[in-house]
Amino acid sequence: MEKISRNAPCPCGSGKKFKKCCYGKDDSAGERDEKIEILPIRRNIDYGVPRLRDEFFECNQLYEISAARLFYMHLTVPELFEGCVDIVRSETNRHLAEEQEINRIRGPEELIKILKRGVDNLNDALLRKKFMEFREETTIILLRELRYLQDDVFVELAIDFLFATGMNYSQEVIEIIENYQRDAYCVSLLCLFLGFYDHPKINKILWDYYHYFKARFPHETFREGPLWGLYEINARCGKQENSG
């Protein structure tokens, strides 16, 4: 039987990611714990000097469907998802109680508490708007919390909110990757996030993690995060060359 990626849509048809639905349901608790992959420390992952030539991108194509592709689109074309959310919101009341709770938030600590608990994706935009009200204080807390193991949804929303500020947090994200041991999915998304910014360490980090994920997790799509980051950097460099 073909192995299903943890980040692929669940085959049961729930609409959730496999890892958030049926993944591991037939395993013992001990076996499930073993599937939480904590990566080696950053300095132990080294694949040499980045060689980001045309040949690399020709030989390493992006998947048609992956968690990283969806997340990249969510960051860069949010209106596509907001339109779908508006339709669903008009046909259900499931988000209303939580919406009222979010509207009552009066400070960053309350916002982080709700964020760590997890929110209905129908309220993502509202929570992002509330985040912007306390942006300076909440950003500090978000970056601190990203140093430690967190739920996937927290990581996704934290990166989404940081991206929405338009500020460059590459130095802080690099510090998190280099100094704290994280799980594969989180590092994959942080690598994708880094691809939007310029920093002398970014190319090497993305290069190393792309090759590490490709070798260590051949049946998963974790490598797509750093690969999307490298594609973004390559596209930006191409535009700069054309404008020059």
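What handedness does the crossing of helix 3 and helix 9 have?

1. Right-handed is how helix 3 passes helix 9; the term applies if the near helix is turned clockwise from the far one by less than a right angle, and left-handed if anticlockwise. Helices here are DSSP runs (H or I, at least four residues), numbered from the N terminus. Keep in mind that this is a predicted model, where local features need pLDDT of at least 70, side-chain atom pairs count only at pLDDT 80 or more, and totals for chains, interfaces and linings use all residues. Residues are numbered from 1 along each chain as its sequence is written, and side-chain values use heavy atoms, with hydrogens and water left out.

2. On geometry, the axes of helix 3 (residues 67-76) and helix 9 (residues 152-164) come within 10 Å and cross at roughly 30°. Those axes are lines fitted to C-alpha atoms over the stretch in contact, with angles from 0 to 180 degrees between N-to-C directions. Helix 3 brings F71, H74 and L75 to the contact, and helix 9 brings E156, I159, D160 and F163 (contact: heavy atoms within 4.5 Å).

3. Now I233, which sits in helix 13 (residues 224-243). I233 is buried at 7% relative accessible area (buried is under 20%, with a 1.4 Å probe and protein chains only). Beyond neighbours within four places in sequence, I233 touches G195, I202, N203 and L206. The C-alpha atoms of I233 and L52 are 9.7 Å apart, despite 181 residues along the chain.

4. H95 lies in the loop between helix 4 (78-89) and helix 5 (96-103). H95 is buried too, at 3%, and outside four places in sequence its contacts are R89, L122 and N123.

Key. Helices (H or I, at least four residues) and strands (E, at least two) are DSSP runs, numbered from the N terminus. Buried means under 20% relative accessible area, exposed over 50%, partly exposed in between (1.4 Å probe, protein chains only).
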